[in-house]
Amino acid sequence: MSLNNEILHCIHERRSTRQFTGEQISPEQLDALLDAAIWAPSGINSQSWLFTAVQKKETLLHLNELVREGFQHWVPDDDYAGNLRAIREHTQKEGYCFYYGAPTLIIASNRPNYANAVADCACALQNLFLAAQSLGLGSCYINQPHWLQNDKPIRAYLAGIGISEEHTICASAAVGYIQTPSPSPARKEGTVKIIC
Ligand SMILES: Cc1cc2nc3c(=O)[nH]c(=O)nc-3n(C[C@H](O)[C@H](O)[C@H](O)COP(=O)(O)O)c2cc1C
């Protein structure tokens, strides 16, 4: 790559963190992350997303128990069907934590019956991941609440923290300080074409 600047560097350096220290991020950092999220593009400038930052430990632990339980009854889509047994076994292991023990979990949801719901939230979370990287924080895309969005006990619990049962649960982000940096996966060949 011949050109470089802070943002391009940040894009290259960001990794999915799966081992966090227990230290909570500051209110200013959380504010900056959420601000980065809401400045993402959205279809026809919809901005119909909701970012719910959960930092209360009991809430996160309870959600983890509901996720473990939810996987017992989960019916996956085609992408994951072949791995169902392995996923079920993995989620029942002692110490399983779908958000890797991160001190902050940000759940991105969006209004129902909106075709760009997940796309908008994914753009917003990438902004958030890059903002986290720029602030020296680690982050990881977390899909379990999305997979289990039709799980009734999970939806009831999320409704209790203000996420409407009508909303699509699009994606989540685990954020915190990095304990162990993740390796950088090599780029696959042949994924870019230039027609000129
Ligand atoms: C749509 C999507 C879903 C993902 N879901 C998860 C997840 O549930 N748990 C997880 O640990 N990582 C998840 N990831 C992170 C990927 O595993 C990760 O981006 C990939 O392995 C490349 O590593 P890197 O982010 O460090 O470059 C997800 C990423 C995307 C884009």
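Biologist: In this predicted model, which residues is L105 in contact with, leaving aside its neighbours within four places in sequence?

Modeller: Contact here means heavy atoms within 4.5 Å. On that basis, and with neighbours within four places set aside, L105 touches residues that include T52, A53, V54, L60 and L63, and also F98, Y99 and I142.

Biologist: Which residues have the most contacts inside the largest nonpolar core?

Modeller: Nonpolar side chains tend to be buried together in soluble globular proteins. In this model the largest such core has 25 residues. Those with the most contacts inside it are F98, L105 and I107.

Biologist: Which element gives the largest share of this core?

Modeller: The elements that give two or more residues to this core include strand 2 (104-110), strand 3 (138-142) and strand 4 (168-176). Helices 3 (57-73), 5 (84-92) and 8 (152-160) also belong to that group. The largest share is five residues, and it comes from helix 3.

Biologist: What is the radius of gyration of the protein chain, and why does it agree with a compact globule?

Modeller: The protein chain has 196 residues, and a compact globule with that number would have a radius of gyration near 16 Å. The value for the protein chain agrees with this because it is 17 Å.

Terms used
Residues numbered from 1 in each chain as written. Predicted model: local features only at pLDDT ≥ 70, side-chain atom pairs only at ≥ 80, totals over all residues. Heavy atoms only, no water. Rg over C-alpha atoms; globule rule 2.2 N^0.38 Å. Core = buried A, V, L, I, M, F, W, Y, C linked by side-chain atoms within 4.5 Å. Buried < 20%, exposed > 50% of the residue type's maximum accessible area, 1.4 Å probe, protein only. Helix = DSSP H or I, 4+ residues; strand = E, 2+ residues; numbered from the N terminus.
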